Amino acid sequence: MSKVIVALSVSVDGYISGRTPEGAEEFGRGLGDAGMLFDWYFNGDTPSEVFDGFKLSAPSARLFDSLAAGDGAIICGRTTYQHSSDFGGGSPHPHAPLVVLSRQALQVGPAQTLASSIEEAVEVARKLADGKNVGIMGGGAATSALAAGLVDEVVLHQIPILLGGGLRFFNELPEHVELRLIEAVPAPGVTHLHYAVVR
């Protein structure tokens, strides 16, 4: 059966993007001043077998490609969607369609699907995934899915930096969520922490 997996690069102090430069527009800012959160995509000599152009270290490539090859659909929240310039009307994943979670009216591209609740987003994404896994990106969408009990695994690609500000990965949850470590993979510039959600 397919799993719902939250996976994002995150600083040690829990940020998934940095501060917006003063005077910059709120949306379309990308990672702000935290581009280093994704340096590990390009700091090695092992080409990704899923994402063209990615050259990772060997340990990162093993874990990253295993996760990426298993994705059949991706969910992201409105904030991530708009900060990422709507992913150009496509998906951040080369082979997995995108479901955008937004409680507000939002124009999405023809290859994208809009959902108004996390439950609807996961249901739609599971159908699109056709037996493969559903990936969730973005702090708001991840928190909503965790609060609804819909997440099976959490992967933190932890970068050794304290950003001190920006957008946090996890927002407030209604109760504790217990995690069990599946594996910890140290790699150049990143430590991959793969957890199962304990039910």
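Helices here are DSSP runs of H or I at least four residues in length, numbered from the N terminus. Keep that in mind for the close-ups below, which come from a predicted model.

**View 1. Thr80, a residue of helix 2.** Thr80 has its place in helix 2, a stretch that covers residues 78-83. Is Thr80 buried or exposed? Its relative accessibility is 18%, and buried means under 20%, so Thr80 counts as buried. Setting aside neighbours within four places in sequence, Thr80 is in contact with Phe87, Met137 and Gly138.

**View 2. The largest pocket.** Here we look into about 1200 Å³ of space. Of its 44 lining residues, Leu8, Thr80, Phe87, Met137 and Gly138 are the closest to the centre. Elements giving two or more residues to this lining include strand 1, helix 1, helix 2 and strand 10 (167-168). Helix 4 gives the most, with five residues.

**View 3. Helix 4 and the residue just past it.** Which of its residues are buried? They are Gly139, Ala141, Ala142, Thr143, Ala145 and Leu146. Just after the helix comes Gly149, with a positive phi of about 70 degrees.

**View 4. The largest nonpolar core.** This core has 38 residues, and Ile75, Tyr81 and Phe169 touch the most other members. Several elements each give two or more residues to it, among them strand 1 (4-11), strand 5 (71-77), strand 9 (153-159) and strand 12 (190-197). Helix 3 gives the most, with five residues. Another core lies apart from this one: it has 16 residues, including Ala34, Trp40, Ala61 and Ala187.

**View 5. Phe169 and its surroundings.** Zoom in on Phe169, one of the residues that touch the most other members of the largest core. What does Phe169 touch, not counting residues up to four places away in sequence? Its contacts include Val6, Leu8 and Val10, then Gly14, Tyr15 and Ile16. Gly138, Gly139, Ala142, Thr143 and Leu156 are also on the list.

**View 6. Helix 1 from end to end.** Helix 1 runs over residues 58-70, and its 13 residues should span 18 Å at 1.5 Å a residue; the end C-alpha atoms are 18 Å apart, so the two values agree. Along the helix, the buried residues are Ser60, Ala61, Leu63, Phe64, Asp65, Leu67, Ala68 and Gly70.

**View 7. Arg180 in strand 11.** Our last stop is Arg180, found in strand 11 (residues 179-187). How far apart in space are Arg180 and Val197? Though 17 residues separate them in sequence, their C-alpha atoms are 6.4 Å apart. Leaving out residues up to four places away in sequence, Arg180 touches His194, Tyr195, Ala196 and Val198.

Methods:
Residues numbered from 1 in each chain as written. Predicted model: local features only at pLDDT ≥ 70, side-chain atom pairs only at ≥ 80, totals over all residues. Heavy atoms only, no water. Expected span 1.5 Å × (residues − 1). Buried < 20%, exposed > 50% of the residue type's maximum accessible area, 1.4 Å probe, protein only. Core = buried A, V, L, I, M, F, W, Y, C linked by side-chain atoms within 4.5 Å. Contact = heavy atoms within 4.5 Å. 1 Å grid on protein atoms, 1.4 Å probe; cavity = no way out; pocket = protein on both sides within 12 Å on 5 of 7 lines; lining within 4 Å. Points joined across faces, edges and corners; volume = space filled by probe spheres on them.
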